[in-house]
Amino acid sequence: MDEPISTFKLFGLTFDVGNMVSLVVVAAIVFFFVFALSRKLQMIPTKKQNILEMIVEYTNGLSTNSLSAKNAKPYGLYAFVLFVFLFISNQLGLFLEIAYNGVTYVKSPTSNPIVTMTLAVMALGLAHFAGVSKLGFKGYFKSTYLKPFKFWLPLNIFEEFANFLTLGLRLFGNIFAGELLLGMVNNLAFSHGVVLVIPSFILGMAWVAFSIFIGTIQSLVFVILTFVYISQKIQPEE
């Protein structure tokens, strides 16, 4: 967390160059990944088409499990893009890290709390927007902040803030901790000559495999929670 960063200011706002470069790299990978899988679609799917259809069906399932099929339909593309973006974001730093003059410009963007908290704001913003669109502002406000009793308002406001914190910090904590420990294992490999190189290599490979698993689970958790929050806003409990 104390590593140097490169920043610039625009319109009074400070931007982290490393975060911006990493997010552009992830966006480019997502585009070319989906572009490659979606070429020459056929009635009898090829292997790469099967992979794409499997991801689409799975993310559609994540949205319909929380929402009704009718309510989930507008969010299918969002669920797919969000999952693929998070999956690649969580894994990027395990395989590609580019640093210059001590500043890391390419890493897992989700290992930075600014990125994960921004994603949390976007997810919860979409949930609140969906609630207003579905119920109108009066119905949304009543079902979100005045249930089960009107004097429950402060607790409901606190709950919304807690949802924002937990959604963003859970993702950040898991990805940051994984990459931090991987860096410690890499440093250990060359700290005592060649003796620890092979054990550290085996430990590092095992930790990379575990981090891929954790990154995948955290992608799923983030998408699932996003649709749980949307369902709470558009399908309030009576």
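A: Gln49 is buried, because its relative accessible area is 4%, where buried means under 20%, exposed means over 50% and partly exposed covers what lies in between, with a 1.4 Å probe and protein chains only. The model is a predicted one, in which local features need pLDDT of at least 70 and side-chain atom pairs count only at pLDDT 80 or more, while totals for chains, interfaces and linings use all residues. Residues are numbered from 1 along each chain as its sequence is written, and side-chain values rest on heavy atoms, with hydrogens and water left out.

The place of Gln49 is in helix α2; helices (H or I, at least four residues) and strands (E, at least two) are DSSP runs numbered from the N terminus. Once neighbours within four places in sequence are set aside, Gln49 is in contact (heavy atoms within 4.5 Å) with Leu37, Lys40, Leu41 and Gln42.

Helix α2, which covers residues 47-66, also holds Leu62, and this residue is likewise classed as buried because its relative accessible area is 7%. With neighbours within four places again left aside, the contacts of Leu62 are Leu220, Val223, Ile224 and Phe227.

Of the contacts with a separation of 6 or more, 69% are made by residues 24 or more positions apart. The chain exposes about 14,200 Å², of which carbon and sulfur atoms supply 73%; these areas come from the Shrake-Rupley method with a 1.4 Å probe, and for residues only the protein chains shown count as cover.

Side chains of opposite charge can pair when their charged atoms come close. A salt bridge is defined as a side-chain nitrogen of Lys or Arg within 4 Å of a carboxyl oxygen of Asp or Glu, and by this rule the count comes to one. Lys233 forms that bridge with Glu160, the closest N and O atoms being 3.3 Å apart. It links distant parts of the chain, since Lys233 belongs to helix α7 (residues 197-234) and Glu160 to helix α6, 73 residues apart. Lys233 counts as buried because its relative accessibility is 4%, and Glu160 counts as buried because its relative accessibility is 13%.

On a 1 Å grid over the protein atoms alone, a cavity is a set of points where a 1.4 Å probe fits but cannot get out, whereas a pocket is an open set with protein on both sides within 12 Å along at least five of seven lines, and lining residues have an atom within 4 Å of a point. Of the 38 residues lining the largest pocket, Asn19, Lys107, Ser111, Asn112 and Val115 are the closest to its centre. Two or more lining residues come from each of β2 (13-16), α1 (17-37), α4 (76-95), α5 (113-145) and α6 (153-189), and α6 gives the most, with eight residues.

Pro148 has its place in the loop between α5 and α6, and the peptide bond from Lys147 to Pro148 is cis, with omega near 0 degrees. Asn101, in the loop between β3 (98-100) and β4 (103-106), has a positive phi near 55 degrees although it is not a glycine, and Asn101 is exposed because its relative accessible area is 65%. Phe11, in the loop between β1 and β2, also has a positive phi, of about 55 degrees, and counts as exposed because its relative accessibility is 78%.
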